[in-house]
Amino acid sequence: YAKSMRNGLMLLDVHGALVKIRLEQLEAKSQSEQKRASQKLLFALPVELSKPLIAVMQSQENVWQSMGWEMQFVNNTTLELLAIPKDLHQDDLRTYFDKASLHLEENEVPGIEIKPLHLMATAQATVQLKRGIFSEEMNEIIDTLFALKYPDRGIRGQLILRFLQEVDIQQMLLNSNPIPPPDAT
């Protein structure tokens, strides 16, 4: 996302910003020990997942329950959902679990515990981006991000926000290689 500012341009990694915001919100709720609201499903919903994701969910089931999930484990690749967090739509579950599995695979390091809050934050950010973000929502995201500590850094310390002044942009354009003209044949 790029936004024109008075003296230049603000560049924002929207996914990185959303993950950071969601993680901070989830951490605040988990520290208050207040169970998140969930919505019961009319029928148990069977879900096939990767073995590593099922293992993480089983090992930290109480954390998942505190975040609004209610589930029964059928075997090492299947679970049945009985309730999901209130702010998550049932149609988004496939995207949610696909993103959680991908995040788990990308960040799987022996001896390092994958935290459910990281999985939740990453998946929620992906679901929100998939739905689309309106300009009012983008302004709210930016305001929320600036209220956090280190708004320019993501949850892994990566740069997610950068300001380019007009001088920087001009310098970038002047230093770029010229595009050769099309052949005049």
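Which residues does Pro46 touch, not counting those up to four places away in sequence? In this predicted model, the answer is Leu79 and Glu80, where contact means heavy atoms within 4.5 Å. Pro46 is found in strand β3, and with a relative accessibility of 54% it counts as exposed; the scale used here calls a residue buried under 20% relative accessible area, exposed over 50% and partly exposed in between (1.4 Å probe, protein chains only).

A few ground rules. Residues are numbered from 1 along each chain as its sequence is written, and side-chain values use heavy atoms, with hydrogens and water left out. Since the model is predicted, local features need pLDDT of at least 70 and side-chain atom pairs count only at pLDDT 80 or more, while totals for chains, interfaces and linings use all residues.

Overall, the protein chain has seven helices and six strands, taken as DSSP runs numbered from the N terminus (helices H or I, at least four residues; strands E, at least two). Along the sequence they come in the order β-β-α-β-α-α-β-β-α-α-α-β-α. Of the 185 residues, 36% count as buried. Among contacts between residues at least 6 apart in sequence, 70% join residues at least 24 apart. The chain exposes about 11800 Å², and carbon and sulfur atoms supply 52% of that; the areas come from the Shrake-Rupley method with a 1.4 Å probe, and for residues only the protein chains shown count as cover.

On the inside, the largest nonpolar core has 43 residues, a core being a set of buried Ala, Val, Leu, Ile, Met, Phe, Trp, Tyr and Cys residues joined through side-chain atoms within 4.5 Å. Trp64, Trp69, Leu81, Tyr96 and Phe97 have the most contacts inside this core. Elements that each supply at least two of its residues include β3 (38–48), α4 (93–106) and α5 (116–131). The aromatic count comes to three pairs, with rings of Phe, Tyr and Trp (its six-membered ring) pairing if their centres lie within 6.5 Å; planes under 30 degrees apart count as stacked, over 60 as edge-to-face and the rest as tilted. Trp64 and Trp69 form an edge-to-face pair, 6.1 Å centre to centre with 70 degrees between the planes. Trp64 is buried at 1% relative accessible area, and Trp69 is buried at 2%. Ring pairs link Trp64, Trp69 and Phe97 into a cluster.

There are also three salt bridges, each a side-chain nitrogen of Lys or Arg within 4 Å of a carboxyl oxygen of Asp or Glu. Lys40 and Glu70 meet at 2.7 Å, N to O, and this pair links distant parts of the chain, with Lys40 in strand β3 and Glu70 in strand β4, 30 residues apart. Lys40 is exposed at 60%, whereas Glu70 is partly exposed at 27%. Asp98 bridges to Arg94, with the closest N and O atoms 3.1 Å apart; the two are separated by about one helical turn because they sit four residues apart in helix α4. Asp152 and Arg153 meet at 3.8 Å, N to O.
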